[in-house]
Amino acid sequence: MLLLPPGHKHPCSSPEKYRHYTVIQLNFEEKQDDTSPSSDTIFYTPDRKLQWDDFLAKPSPMGPSAAVAYTSFAYDGNSNLVNDTLRITLRLQVFFIKSASWVRSNAKNSYALAHEQLHFDITRLVVERFKQKLRQTALNRDDYDSIIQYQYLQSFREMNRLQYKFDQETNHGLNPAAQLRWRDKVNVGLRNNGVLPEELGIENLSF
């Protein structure tokens, strides 16, 4: 899991334009996996799982990993004023980069692929949590863009913490019981708009 540059946004009109308006409507759109098979980018969709043919980079000669899935997320957006409502639209991208992802030739099995898919799922989970944070944040009409950017950076850090914790607790997939627990944890989060089992008061997951 590697860092990418922060999300970006299209320039919006001057804040003075919205000075007398207090209603803010936040909308989300998501980039879907509608690219051609030759594209270097795979956008996250639940029905499109990773395949070993997606891992095109040369394996690293060092390190404990049998494979690396390069996943991340970004956004751009715009805003417009409709009557007394400022409508903000954020376009989210959850993606996997083929040319930066790799697998060792002796590691191409279904269990290892499930581990890499979970890395992608964790990225998707964090995006759901990012959306929930924004829905619960009071956006200031004069400075909403910096507030969104701040929450994005916080979520980006959370993504890297979760990815690291996942690899540590599963020993990079060598602990099947831990990987099963993480699979169930992530699935619960994805079904509940990013809310994790411990935040729902759920313990001892068993599916």
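In which helix is the place of L113? This residue belongs to helix 1 of what is a predicted model. L113 counts as buried because its relative accessibility is 18%, and the cut-off for burial is under 20%. Setting aside neighbours within four places in sequence, L113 has contacts with L50, Q51, W52 and F55. Its C-alpha atom is separated by 9.4 Å from that of V103, ten residues apart from L113 along the chain.

Helix 1 spans residues 110-135 and packs with helix 2, residues 144-170, at an angle of about 150°. The axes of helix 1 and helix 2 are 9 Å apart. Because angles over 145 degrees count as roughly antiparallel, helix 1 is roughly antiparallel to helix 2. Helix 1 passes helix 2 in a right-handed crossing. On the side of helix 1, the contact is made by H115, L118, H119, I122, T123, V126, R129, F130, K133 and L134. Helix 2 contributes I148, Q151, Y152, Q154, S155, E158, M159, L162, Q163, F166, D167 and T170. By class, the residues of this contact between helix 1 and helix 2 are ten nonpolar, eight polar and four charged.

Helix 1 also packs with helix 3, which covers residues 176-191. The angle between helix 1 and helix 3 is about 35°, and their axes are 10 Å apart. The crossing of helix 1 and helix 3 is left-handed. From helix 1, the residues that meet helix 3 are Y111, A114, H115, L118, D121, I122, R124 and L125. Their counterparts in helix 3 are P176, Q179, W182, R183, V186, G189 and L190. The contact of helix 1 with helix 3 divides into nine nonpolar, three polar and three charged residues.

H115, L118 and I122 of helix 1 take part in the contact with helix 2, and H115, L118 and I122 are also among the residues that meet helix 3.

Strand 4 (residues 71-82) pairs with strand 5 (residues 85-97) in the antiparallel sense, over twelve bridges. Within this pair, D76 stands opposite R91 in strand 5. Strand 4 and strand 5 form a hairpin, with two residues between them. N83 lies in the turn and has a positive phi of about 55°.

Definitions and conventions. Residues are numbered from 1 along each chain as its sequence is written. This is a predicted model: local features need pLDDT of at least 70, side-chain atom pairs count only at pLDDT 80 or more; totals for chains, interfaces and linings use all residues. Side-chain values use heavy atoms; hydrogens and water are left out. Axes are lines fitted to C-alpha atoms, for helices over the stretch in contact, and angles run from 0 to 180 degrees between N-to-C directions. Helices (H or I, at least four residues) and strands (E, at least two) are DSSP runs, numbered from the N terminus. Angles under 35 degrees count as roughly parallel, over 145 as roughly antiparallel, 65 to 115 as roughly perpendicular and the rest as oblique. A crossing is left-handed if the near helix is turned anticlockwise from the far one by less than a right angle, and right-handed if clockwise. Contact means heavy atoms within 4.5 Å. Ala, Val, Leu, Ile, Met, Phe, Trp, Tyr, Cys and Pro count as nonpolar, Asp, Glu, Lys and Arg as charged, and the others, Gly among them, as polar. Two strands pair if DSSP finds at least two bridges between them. Buried means under 20% relative accessible area, exposed over 50%, partly exposed in between (1.4 Å probe, protein chains only).
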